[in-house]
Amino acid sequence: MALHSSFELRHSFELRHSDFVIPIMSTNGETIIEVNHLVRRFGDRAVLDGISFNVHRGETLVIMGGSGCGKSTLLRHMIGSAKPTSGSVKLFGEEITAMKELEIERVRLRFGMLFQSGALLASLTVGENVALPLLQHTAKSPDEIEQIVKQKLEMVGLTGFENLRPDEISGGMKKRVGLARALALDPELLFSDEPTSGLDPIMTAVVDELTLKLTHGSHMTAVVVSHDMTSAFRIATRMIMLGHGSIVAEGTPDEMQNSPNPEVQQFIHGRPDGPIPLNLSQDEHKDHQQVRPRPFLGGRFHFHHKHS
Ligand SMILES: Nc1ncnc2c1ncn2[C@@H]1O[C@H](COP(=O)(O)OP(=O)(O)OP(=O)(O)O)[C@@H](O)[C@H]1O
Ligand SMILES: [Mg+2]
């Protein structure tokens with residue numbers, strides 16, 4: 001089978017980390033993530049301006065907030081793929097902000113990440129994308145890997161799609177392949193950036209059920225960024241809402257539902273009018289050095305008219 005042979009081929013080239021010993025923690029309620037005074041500036045603008053919160057084992061923390069408020073940026077700092085301007089992020093008790101890439105790789109064995117874009121490798125098939133973490137981090141045989149890939153794809157409702165390439169599947173399917181890949185190593189911690197965006201309501205429910213099942217009995221801890229309020233309230237044990245670089249509100253789903261904060265009410269009920277601005281103000285754009293308006297094409301290119 002094509003999938004089989006390409007697994008074997010790649011197997012010999014990939015860096016393996018099977019020698020690392022992963023301690024098994026048994027205490028429930030232990031702190032898995034500690035974020036302290038996290039600041040990240042882009043130019044003069046502090047997208048994250050002193051964020052602090054903890055996540056405990058078995059929780060599903062939903063991070064919500066308006067588009068562009070810094071949710072994905074926060075996740076990138078939590079997984080060590082971006083360095084903060086200042087502040088601290090501890091994963092499993094270890095400071096990740098000060099780690100070199102190889103050390104971060106060791107911690108990455110313990111968590112999975114579903115990126116907002118799906119981040120699938122276009123040149124690999126669906127099956128190979130899901131197999132990638134297993135090839136990189138385990139010494140499992142191609143047969144074992146093929147079985148795990150099948151099982152993970154079944155979990156996200158994609159049985160039989162192994163041999164298609166990312167450009168041959170829909171946006172929602174890409175998301176689910178990304179989720180299957182994030183779960184490939186049976187992580188104890190899962191970060192998901194908008195796992196249900198682009199999914200129909202039934203598939204959203206399937207993905208939510210999966211999160212609930214995996215976190216049941218504190219087996220897995222989840223940090224989920226979501227705009228989808230139905231899904232967020234279905235899966236969250238705790239929620240935080242970001243805005244203006246800070247945590248605007250934090251609480252259980254019940255507390256958020258009953259929050260007197262008008263920003264929370266506007267957001268969870270999807271009201272167009274309220275304290276949350278529709279756009280960055282002109283001043284914020286001016287302060288945001290990285291986002292410069294691009295020159296209007298018409299100003300640089302000229303239409304050539306034939307002269308008669
Ligand atoms: N590497 C970067 N350089 C400059 N600005 C950045 C960078 N990364 C993020 N930003 C800015 O930080 C802000 C927050 O972006 P982020 O992607 O975290 O938003 P978000 O809350 O995930 O939005 P969405 O809900 O639309 O996904 C944006 O204004 C973005 O332009
Ligand atoms: Mg985002």
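Me: Which residues is methionine 241 in contact with, leaving aside its neighbours within four places in sequence, and what makes them contacts?

Reply: Methionine 241 is in contact with Met64, Gly65, Val248, Ala249, Val264 and Phe267; they count as contacts because two residues qualify when their C-beta atoms, placed from the backbone, lie within 7 Å. This is a predicted model, in which local features need pLDDT of at least 70 and side-chain atom pairs count only at pLDDT 80 or more, whereas totals for chains, interfaces and linings use all residues. Residues are numbered from 1 along each chain as its sequence is written, and chains are lettered from A and ligands numbered from 1 in the order in which they are written.

Me: What makes a set of residues a nonpolar core, and where does Met241 stand in the largest one?

Reply: A core is a set of buried Ala, Val, Leu, Ile, Met, Phe, Trp, Tyr and Cys residues joined through C-beta atoms within 7 Å, where buried requires 20 or more other C-beta atoms within 10 Å of the residue's own (12 or fewer make it exposed, and values in between partly exposed). The largest such core has 66 residues, and Met241 is among those with the most contacts inside it, together with Val62, Ile63, Met78, Ala180 and Phe191. Of the 308 residues of the chain, 35% count as buried.

Me: How do you know that the buried residues of α5 line one face?

Reply: Helices are DSSP runs of H or I with at least four residues, and strands are runs of E with at least two, numbered from the N terminus. In α5, Pro142, Ile145, Ile148, Val149, Lys152 and Leu153 are buried. Seen down the axis of α5, the directions from the axis to their C-beta atoms fall within an arc of 130 degrees, so these residues line one face. On the other side of α5, Asp143, Gln147 and Glu154 are exposed.

Me: Why are β6 and β10 called edge strands?

Reply: Strands pair if DSSP finds at least two bridges between them, and the open sheet of 6 strands runs in the order β6-β7-β8-β3-β9-β10, with mixed pairing. β6 (111-114) and β10 (246-251) each have a single partner strand, so one side of each is left without a neighbour in the sheet. The partner of β6 is β7, joined in parallel by 4 bridges, with phenylalanine 111 bridged to leucine 189. Elsewhere in this sheet β3 (60-64) and β8 (221-225) are also parallel, over 4 bridges, and isoleucine 63 stands opposite valine 225.

Me: How many strands does the antiparallel sheet have, and what lies across it?

Reply: It has 4 strands in the order β2-β1-β4-β5. β1 (31-42) and β4 (86-91) share 5 bridges, which meets the requirement of at least two, so they count as an antiparallel pair, and asparagine 36 stands opposite serine 88. Helix α2 (71-78) lies across β1, β2 and β4 at about 120 degrees to β1, the angle being taken, on a scale from 0 to 180 degrees, between N-to-C directions of axes fitted to C-alpha atoms, for helices over the stretch in contact.
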